[in-house]
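Dear colleague,

Please find the structure below, handed over for your use.

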Amino acid sequence: MKQNIQLPEGSVGKQTTTLNLGPTHPATHGVFQNILEMDGERIVDAIPTVGFIHRAFEKIAERRAYYQITPLTDRLNYCSSPINNMGWHMTVEKLIGAELPKRVEYLRIIIMELARIADHLVCNSVIGVDTGAFTGFVYVFEFREKIYEIFEEICGSRLTTNIGRIGGFERNFTEIAFQKINQFLKDFPKAMKEFENLFNRNRIFMDRTMGVGGIDAERALNYGFTGPNLRATGIDYDVRVAHPYSGYQDLEFTVPIGTTGDVYDRFLVRNEEIWQSLSMIRQCLEKIKDHDPAIFHADIPAFYLPEKQDVYTKMEALIYHFKIIMGETEIPVGEVYHSVEGANGELGFYLISDGGRAPYRLHFRRPCFIYYQAYPEIIKGSMLSDAVVTMSSLNLIAGELDA
Amino acid sequence: MNNEEIKQQLSTKFGNAVSMFEEPYGLLTFTCETDSNLKVLNFMHDELGFHFLNDLTAIHYPEQKDKELAVVYLFQNIRTGQRVRMKVFVPISKPDVYTATGVYATANWLEREAYDFFGVNFVGHPNLIRIMNVEEMDYHPLRKEYALEDQSRTDKDDDMFGR
């Protein structure tokens, strides 16, 4: 069956134009194809096509041992890989019933919130680029780079981080890592204020984004919107509050919401979330002072890889190392769903274990795959240039969309 | 409303059509008869306030005779944050399930995905075509009979692409 919009019989009388937007188009920031039916500059209908970079992660995961699935999650929403990584670790920890020390949970929050800031910066500054304001993009991308340097200090990589392990972190945070985090907390608010001053009350930007790409709360809920896109419509659903994980219940933060669910509200919600994330990182840095600074993983030797020098010198460490690497650890049989608040919505992991070395079935609930189906409805009747802004404001990530 | 109350309401309303109630990791899970899934979906949405379909996917259990495919729904009540999981089992020879698209718009692409990978036929779906794979594909790749490639095979040339 062909997806393309077919010309009707005797198409001489056809009033509309078919336009292919994508799959590789500079305005779509990723591999997205939309076959648009245009009446002049207005969009009459749209058919999105997905699956261009489908890599069958769910199938691949059915052969991989649990610790080997983390790199797959990196490649879902690659703008905030650490959230995906830790979401996966927490899913497995929920399955095996592991309790984590408080310090590890707070360290995870620090990393996840930094990742959220990086993701929101990309999304919001790109909304600026799509409306013709390149300057804000340049202001904040310097700080996205700083966040990546923090990740690099902690885990050695930047974009696809593979950060942490089941049960904690692969190594403790260094002194330099904390210095970099503190420096970021000191410098970033200034740039963020500048960014907000550039956009928030900017007449041109407001005219360009207000009332564009709006969706009401009921439709958004019916379409399964989550994350900032849902909150921009006025529903205060946040997984960190509704189903707290990793110690978010210990922190003080507010969930910003919008009212109209348009591009402008999404932009403002994300900006406010960045401030909330900064406050959460500060709280966590304060809270970890009460805990032993040497703790960076849970005491679950059957799942957490032992230190390499112990493997060479201690019998138990060698046995556990062998068992974990060969996938011979005892995994309970069970079904578990765990979700985290990803940068663009609720990222869920539905894991079914039959006790084998690999999951029996693993399903990723990818937020942008679910809400992208509302895109044709949102852009119907709007201008082509508004459709471009709407797409970037939805924070669609091709890697997550296609899994 | 806690899990016990939801279980009571569902059992009174649907009797034997809903069964196998359990609570793995605190999440109420039950199985629904294939024919009544749409009634239960409507009841969940309209009466119990589960306006949000978190997730929909399928699972393949090749060893379960006449119950090879399971369609799994995960509902959420957005006000209370409560989640409920529902399973519908269908035989692989006749994998027909009523579509949830009329109740939840979320289900549209998720059902297309379940069709694409498992071949579940969602009766009444407005546009049941493949979503990730190419349209010419004539099998459903996430079924268990399609094993992943043998990692130890040596008949392929590794010089260009490291294996």
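**Strand pairing in chain B**

V18(B) has C32(B), a residue of β2(B), as its bridge partner. Please bear in mind that this is a predicted model. The pairing belongs to strands β1 (residues 18-22) and β2 of chain B, which run antiparallel and are joined by 3 bridges. Between β1(B) and β2(B) lie 5 residues, and the two strands form a hairpin. In the turn, Y25(B) has a positive phi of about 50 degrees.

β2(B) also pairs with strand β5 (residues 83-90) of chain B, here in the parallel sense and over 5 bridges. Within this pairing, T29(B) stands opposite R85(B) of β5(B). Of the 5 residues of β2(B) (residues 28-32), 4 are buried, so the strand is largely enclosed by the rest of the structure.

**A helix in chain A**

Helix α3 of chain A covers residues 81-96, 16 residues in total. From first C-alpha to last, α3(A) reaches 23 Å, close to the 22 Å expected at 1.5 Å a residue. Because 14 of its 16 residues are buried, α3(A) is largely enclosed by the rest of the structure. The helix is followed by G97(A), whose phi is positive, near 75 degrees.

**The contact between the chains**

Chain A contributes 30 residues to the contact and chain B contributes 26 residues. On the side of chain A that touches chain B, the elements that each supply at least two residues include α1 (57-60), α8 (217-222) and β5 (345-353) of chain A. β4(A) gives the most to that side, with 4 residues. The residues on this side of chain A comprise 13 nonpolar, 9 polar and 8 charged.

With kind regards

Key: Residues numbered from 1 in each chain as written. Chains lettered and ligands numbered in written order. Predicted model: local features only at pLDDT ≥ 70, side-chain atom pairs only at ≥ 80, totals over all residues. Expected span 1.5 Å × (residues − 1). Buried ≥ 20, exposed ≤ 12 C-beta atoms within 10 Å, placed from the backbone. Pairing = 2+ DSSP bridges. Contact = placed C-beta atoms within 7 Å. Nonpolar A, V, L, I, M, F, W, Y, C, P; charged D, E, K, R; others polar.
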